[in-house]
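Reader: I am new to reading protein structures. Please take me through one part of this one closely, step by step.

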Amino acid sequence: MIEERNVTYDDASVRRFLWASVLWGAVGMLFGFIIASQLAFWQLNGGGSLPWLQFGRLRPLHTNAVIFAFVGNMIFAGVYYSTQRLLKTRMASDFLSAIHFWGWQLIIVSAAITLPLGFTQGKEYAELEWIIDIAIALVWVAFAVNFFWTLVKRNEKNLYVALWFYIASILTVAVLHIVNSLALPSDVLHSYSVFGGVQDALVQWWYGHNAVAFFLTTPVLGIMYYFMPKAIGKPVYSYRLSIIHFWSLVFLYIWAGPHHLLNSALPDWAQNLGTVFSVMLWAPSWGGMINGLLTLRGAWDKLRTDPVVKFFAAAVTFYGMATFEGPMMSIRSVNALAHNTDWVISHVHGGALGWNGFMAAGMFYWLVPRLYRTKLHSERLANLHFWLGMVGIVLYMASMYVSGITQGLMWRALTPEGTLLYPNFLESISASRTMYMVRMVGGLLYLSMFLVMAWNLIKTARSGRAETTTVTVSVVAKAKGPSAIQLLLSPVMGLVVVGFVLSMALGIRSVQVGAAVLVALLLFAVLVRTVRARGIGVYDGTSWHEVIEGKALLFTVLVLVAVLVGGMVQILPLVFSDKALALERTATPYAPLELAGRDIFRREGCYVCHTQMVRALASESLRYGPPSEAWESMYDHPFQWGSKRTGPDLARVGGKYPDLWHYRHMLDPRSTSQGSIMPSYAFLADTRLDTARIPRVMATMRKLGVPYDAAAIQGAVAAAETQAAGIADGLNKEGEKAAPDTELIALIAYLQKLGKDRATTATTATTATTSTTSTTTP
């Protein structure tokens, strides 16, 4: 039986998200240009008197604005537009759509206010403080409820491939955000991650890598699968390849996070797991790229005439380049060269500017004329945007490739005698200055073309009229299909079960669990054989995947299982098993003043330019000292290993320089380090330290397992003042007028703590060896 219904789509929400994306994209890219200029010309940081305009505070603002404001709103516009048309129904709730839009914009505004003011959790791509994290979770739930409610009331039985990627993105981002944002507040805008050290590093890069995967990749792939066929008027090249692309990508991606921590203090088993799954990602990623490009078969002529097709084809090509390079950079030898350098910056921006930026432009140029019932104002300007935007990307990426490879080679270069050829770290930064200027030019060109696009879209909208879209859809009565039990007993679902239990056995690595898994598999095989012997069929001539496409709940559950496997295997053993993370000894907790200094280090975003992780590489041991070990950062909430070196590693900086050197370095970095591009932090010498909050933050850390006793917390202020007075007295004797109650003194105390536990261990071991030798030598 066929029933016809009139459906009016909610295109108002689509328009709101689209224009928000254009606005925030311009803002995010503007701040990107500003911080690129600050790296090329350090004088643009404000001279040490404007902390809210310094690189360390603006860089998180740039990344959050581009990822969550620009790309986020673009994704929501594409999802709202395509979902309604694929399901032949209006979004389930206009109220939830409004909450989603306005809530998301308020979150972006709160980020734009709090990050420059220094309110940050100090975790890359997850800097926003706990109270904003809660708001993000609530708004995301509103979005998820609206989306899945729409699935329930759909007028189209089967779910098209774009919807598969939307489902995976919504589920996985929720899991990632909730787990990585677990924090214990000490104030309204201050908190500490519940994870510390190695555990926090693994959770953070499980989140960080998969935020790229499930926020910047999978939903945009869904948009590709919808808008590219629409733009050229042809169906997607291969339905079967879409299935392989989707399931393999969703399952494999979640495992790859540890490749960001290669050669670090992370256990080898986790590093190897990340490398293996990262390399495996080559196949599904390129399967998606091939599927996208081959969709253009028979329509390549449109590349000459249609700017929308130009942008889509280039975006998919950049996706292929980025997903080839990512697995390559997860190979240890390549990672040893590339990690912490500008090579990573080039890789990231190839994806952000080429994949996300060009896909957004193509979607905007296609959508706006249809949302306003008119033609694009100027195809010539759109073509200009494409070609000059492409030049901007090439300049940006090429300069950062040259800079990054130069840095990596200089850091590891040795003389014939086995010493460092470039012992001064700043030699590599000086060699990169010209490339920083080229990067700035490329970024300015890309930003300029984005503004041209914005003007073109505004003119297009003004020439038309925003109207609602009403269509008549034919609804076929649902036929009874196989039950969920029958589907779960099918061979394909059996493989899902096998994969799940084997993965868990791999993660737990227990003989008893392995035996239990084997028994479970045998019982499953017997059950399937029994059911099939009784003649229970599943398919009735329909492929298994077409069947589950018609069962949204089952499809969603299977996606959730595929996503959770990797996270459970990686995260749970390291968090809950002592065997998975063997600590050789216990670190000494930070003294009250040192803890206050660490909060200042985090607030100023120092982790975006300095690492605190000496990798297990010969050149790094020669430059910084012995490789970092897991126990050294066990009380670090959050961890501060970093991922980029614009300055040297700080894991062993404690005691390397006197207090006077640090004091002068913070006032004027060039006075101690010729060639430094670090901004001045002179304002710290004039900012009074709030010692009253120290007992409160120590009490919070105590709840997280840091061994501060009640007496230490009660006497924290006095201890901090005593240590600060000692540092200030020493500086005053050296001729500096240093007040003991300033934030700069606390920061110096923190820096002098770094690596001291390792130095104490080495001294103790040397003393013990000497003592043993002296008693046994005649």
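Author: Start with a term. A pocket is an open set of grid points where a 1.4 Å probe fits, with protein on both sides within 12 Å along at least five of seven lines. Keep in mind that this model is predicted.

Now the part itself. The largest pocket has a volume of about 800 Å³. Its lining counts 41 residues, and the closest to the centre are His610, Gly647, Pro648, Leu650 and His665. Several elements give two or more residues to this lining: helix 1 (11-40), helix 2 (55-87), helix 23 (618-624), helix 24 (659-667) and helix 29 (743-753). Helix 24 gives the most, with four residues. By type, the lining of the largest pocket divides into 23 nonpolar, 14 polar and four charged residues.

Next, look at the loop between helix 23 and helix 24. Arg645 sits there. Is Arg645 buried or exposed? Buried means under 20% relative accessible area. Arg645 has 1% relative accessibility, so this residue counts as buried. Its side chain makes a polar contact with the side chain of Thr611, at 2.7 Å. Beyond its neighbours within four places in sequence, Arg645 is in contact with a set of residues including Asn340, Trp411, Phe425, Cys609 and Glu620.

Last, step back to the whole chain. The chain has 30 helices and four strands. Of its 778 residues, 59% are buried. Take the contacts between residues at least 6 apart in sequence: 83% of them join residues at least 24 apart. The chain exposes about 30900 Å², and carbon and sulfur atoms supply 66% of that area.

Definitions and conventions: Residues numbered from 1 in each chain as written. Predicted model: local features only at pLDDT ≥ 70, side-chain atom pairs only at ≥ 80, totals over all residues. Heavy atoms only, no water. 1 Å grid on protein atoms, 1.4 Å probe; cavity = no way out; pocket = protein on both sides within 12 Å on 5 of 7 lines; lining within 4 Å. Points joined across faces, edges and corners; volume = space filled by probe spheres on them. Nonpolar A, V, L, I, M, F, W, Y, C, P; charged D, E, K, R; others polar. Buried < 20%, exposed > 50% of the residue type's maximum accessible area, 1.4 Å probe, protein only. Contact = heavy atoms within 4.5 Å. Areas by Shrake-Rupley, 256 points an atom, 1.4 Å probe, with all protein chains shown as cover. Polar contact = N/O pair within 3.5 Å; in protein donor to acceptor, adjacent residues only side chain to side chain.
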